[in-house]
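Please look at the sequence and the structure first, and then follow the points below with both at hand.

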Amino acid sequence: MCGILGWFGEHSESDVNNFNTALDTLKHRGPDDRGVFIDSHVALGHRRLSIVDLSSSGHQPMIDTCSNSVIVFNGEIYNYVEIRQELIKLGRKFISESDTEVLLQALLEWGHEALSR
């Protein structure tokens, strides 16, 4: 099971250092990869345990370059292949085989309604 960490608010350099230290304490949850996204008001961290897409394409935090949306996700979407095919038919493009990217694209396409799918 992956480890995720999130933080919202203004931050200093020491806050960023503390965030990175906290994320490293989750290494046992995700020994396969480590990723961080930090901007002026949010920090998202991910420790990856690779299960679905074992390639580096499944790296998180995952960013959709068209919308600049960012996601970290810990879970498994059992019907992600079917949802992915539906999204492809709607014109969505994918760079990975991960269920996280499917979730990101589904949220961009359908908003919170994506969760009921």
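Predicted model: local features only at pLDDT ≥ 70, side-chain atom pairs only at ≥ 80, totals over all residues.

**Overall build**

- Read from the N terminus on, the elements of the protein chain follow the order β-α-β-β-β-β-α-α.
- The radius of gyration of the protein chain is 15 Å, which is close to the 13 Å that the globule rule gives for 117 residues, so the chain is as compact as a globular protein of that length.
- Along its principal axes, the C-alpha trace of the protein chain spans about 45 × 30 × 25 Å.

**Surface and interior**

- Of the 117 residues in the protein chain, 35% count as buried, where buried means that the relative accessible area is under 20%.
- The protein chain exposes about 7000 Å², and carbon and sulfur atoms supply 53% of that area.

**The three-stranded sheet**

- Three strands make up an open sheet, in which the order is β1-β3-β2 and the pairing is antiparallel.
- Because β1 (3–8) and β2 (33–38) stand at the edges and each has a single partner strand, one side of each is left without a neighbour in the sheet.
- Neighbouring strands of this sheet are turned against each other by 5 degrees on average, if direction is ignored.

**How β2 and β3 are joined**

- A hairpin of three residues leads from β2 to β3, and β2 pairs with β3 (residues 42–48) in the antiparallel sense over six bridges.
- Two of the residue pairs can be followed in the structure: R34 has R47 in β3 as its bridge partner, while D33 has R48 in β3 as its bridge partner.

**The helix on the sheet**

- Helix α1 (residues 13–24) packs on the sheet and touches β1, β2 and β3.
- The direction of helix α1 makes about 155 degrees with that of β2.

Methods: Residues numbered from 1 in each chain as written. Heavy atoms only, no water. Pairing = 2+ DSSP bridges. Helix = DSSP H or I, 4+ residues; strand = E, 2+ residues; numbered from the N terminus. Axes fitted to C-alpha atoms, helices over the stretch in contact; angles between N-to-C directions. Contact = heavy atoms within 4.5 Å. Rg over C-alpha atoms; globule rule 2.2 N^0.38 Å. Buried < 20%, exposed > 50% of the residue type's maximum accessible area, 1.4 Å probe, protein only. Areas by Shrake-Rupley, 256 points an atom, 1.4 Å probe, with all protein chains shown as cover.
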